[in-house]
Amino acid sequence: MNHPSRNVYNFNAGPSALPTAVLEKAQQELTNFNQSGMSVMELSHRSKTYETVHNEAIDRLKKLYDIPNDYEVIFVQGGASLQFSMIPMNFLTKDTKAGYVMTGSWSEKAFKETALFGTGYEIASSKDDAYRHIPTVSAKDVNEDDAYVHLTTNNTIYGTQWQVFPNFGNVPVIADMSSDIMSKPIDVSKFDMIYAGAQKNLEPSGVTVVIIKKSLLEKANEQVPTILKYQTHVDSNSLYNTPPTFGIYMLGEVLKWIEMQGGLEAVQKVNEEKATYIYDVIDESNGFYIGHADKASRSLMNITFRLKDETLEKQFLEEAAEKGFVGLNGHRSVGGCRASTYNAVPTEACLALSEFMKEFQAKHA
Ligand SMILES: Cc1ncc(COP(=O)(O)O)c(C=O)c1O
């Protein structure tokens with residue numbers, strides 16, 4: 001542990017681990033931010049001091065993801081769940097269709113919201129396979145005049161992740177990256193919109209990051225309430241109403257931390273190493289641990305597995321909790337076990353978990 005009071009291994013699925021260095025800095029600055037004599041939480045969101053925090057967070061995001069100039073970056077509230085509605089509200093009409101790739105419960109929730117605004121259809125689904133894999137899809141599975149296609153890049157509950165992004169030709173691509181945003185470099189130009197409830201890899205809950213291409217914005221519907229229009233947030237630099245200022249400050253600090261790690265390539269390398277420790281134990285356990293996701297679709301962020309015996313699984317989770325491993329229970333809808341290994345989860349936590357899994361197997365196999 002790198003801090004005496006942080007004596008647990010935090011594998012929570014979200015909200016989840018934040019870098020200790022960021023929390024310590026926030027603690028130091030909590031009562032007197034930047035010699036203002038106030039906490040960042042007490043600043044006016046219209047003040048110069050806050051404006052700098054806000055704009056620096058946006059600039060850091062643009063730089064780290066190498067976001068092209070024809071994109072806007074905005075912060076909205078309401079979580080990724082509000083995006084499920086805002087997307088069809090802004091981009092779908094009664095005369096158009098939107099295709100959804102169904103890779104888990106979050107895709108299902110996003111898809112459900114299309115019904116009020118137009119026609120959603122399933123491009124492909126791995127539901128029959130308990131969402132163990134990411135389906136193979138391409139431009140021929142969609143209609144050229146679709147309003148957009150939607151995919152969930154990392155499936156937090158089932159532990160699958162797109163390894164290669166599909167090409168849908170000229171149809172705008174919208175991606176929910178809530179659970180793998182900034183976990184690796186991506187080519188933003190392959191997407192017309194990226195959104196993420198940022199409480200996993202980027203900050204405490206409260207901010208939803210939206211990266212949106214100007215050409216998509218131009219296609220937005222007019223009959224949308226002001227606060228639910230993307231354009232409103234673009235025009236006001238995400239200051240249309242009071243933003244979650246502390247969350248945005250924390251986002252900026254986490255982005256600085258990512259820079260200090262060596263940027264997204266370095267973060268990806270560490271994420272791969274961390275996940276490998278745990279997947280290796282699963283793969284070498286002779287079926288004692290059973291991974292949920294197909295190997296080719298495995299997530300580097302959420303590692304899902306079961307034990308072949310349910311009583312033993314309960315015991316595993318209890319013993320793990322006693323040893324300070326937090327958040328290893330699978331999502332309440334699927335059960336089993338899940339280790340969320342987001343950016344801020346230290347390598348030593350993943351190593352410790354892999355050791356614990358080996359010891360538990362040795363005792364109980
Ligand atoms: C992939 C994905 N999408 C959407 C959500 C919902 O996010 P929020 O709680 O911010 O609405 C989650 C939450 O875990 C998620 O993992």
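Author: Happy to. Keep in mind that this is a predicted model. Let's start with Tyr-131, which sits in the loop between E4 and E5.

Reader: Is Tyr-131 buried or exposed?

Author: To decide, we compare its relative accessible area with a cut-off: buried means under 20%. Tyr-131 has a relative accessible area of 2%, so it is buried.

Reader: What is the phi of Tyr-131?

Author: First the general idea: most residues other than glycine have a negative phi. Tyr-131 is not a glycine, yet its phi is positive, about 55°. Ala-130 also is not a glycine and has a positive phi, of about 50°. Ala-130 belongs to the loop between strand E4 (119-125) and strand E5 (148-152). With a relative accessible area of 30%, Ala-130 is partly exposed.

Reader: And peptide bonds? Which residues does a cis peptide bond join here?

Author: In general, most peptide bonds are trans. Here a cis bond links Gly-14 to Pro-15, with omega at about -5°. You will find Pro-15 in the loop between E1 and H1.

Reader: Where is Ser-16 found, and what does its side chain reach?

Author: Ser-16 is in the loop between strand E1 (9-10) and helix H1 (20-29). Its relative accessibility is 11%, so Ser-16 counts as buried. The side chain of Ser-16 reaches the backbone oxygen of Gln-199 at 3.4 Å. A polar atom of that Ser-16 side chain also lies 3.1 Å from the backbone oxygen of Lys-200.

Reader: Now the ligand. Which residues are the closest to it?

Author: For a ligand, start with the residues around it. There are 13 of them, and the closest are Ser-81, Thr-156, Asp-176, Gln-199 and Lys-200. Helix H3 (residues 79-91) gives the largest share of this shell, four residues. Sorted by class, the shell holds three nonpolar, eight polar and two charged residues.

Reader: How much of the ligand does the protein bury?

Author: On its own the ligand exposes 400 Å², and the protein buries 85% of that. The space that the ligand takes is the second largest pocket.

How values were computed:
Residues are numbered from 1 along each chain as its sequence is written. This is a predicted model: local features need pLDDT of at least 70, side-chain atom pairs count only at pLDDT 80 or more; totals for chains, interfaces and linings use all residues. Side-chain values use heavy atoms; hydrogens and water are left out. A residue is near a molecule or strand if one of its heavy atoms lies within 4 Å of it. Accessible areas come from the Shrake-Rupley method with a 1.4 Å probe; for residues, only the protein chains shown count as cover. On a 1 Å grid over the protein atoms alone, a cavity is a set of points where a 1.4 Å probe fits but cannot get out, and a pocket is an open set with protein on both sides within 12 Å along at least five of seven lines; lining residues have an atom within 4 Å of a point. A molecule sits in a cavity or pocket if more than half of its atoms lie within 2 Å of its grid points. Helices (H or I, at least four residues) and strands (E, at least two) are DSSP runs, numbered from the N terminus. Ala, Val, Leu, Ile, Met, Phe, Trp, Tyr, Cys and Pro count as nonpolar, Asp, Glu, Lys and Arg as charged, and the others, Gly among them, as polar. Buried means under 20% relative accessible area, exposed over 50%, partly exposed in between (1.4 Å probe, protein chains only). A polar contact is a pair of N or O atoms within 3.5 Å; within protein, one must be able to donate a hydrogen and the other to accept it, and residues adjacent in sequence count only if both atoms are side-chain atoms.
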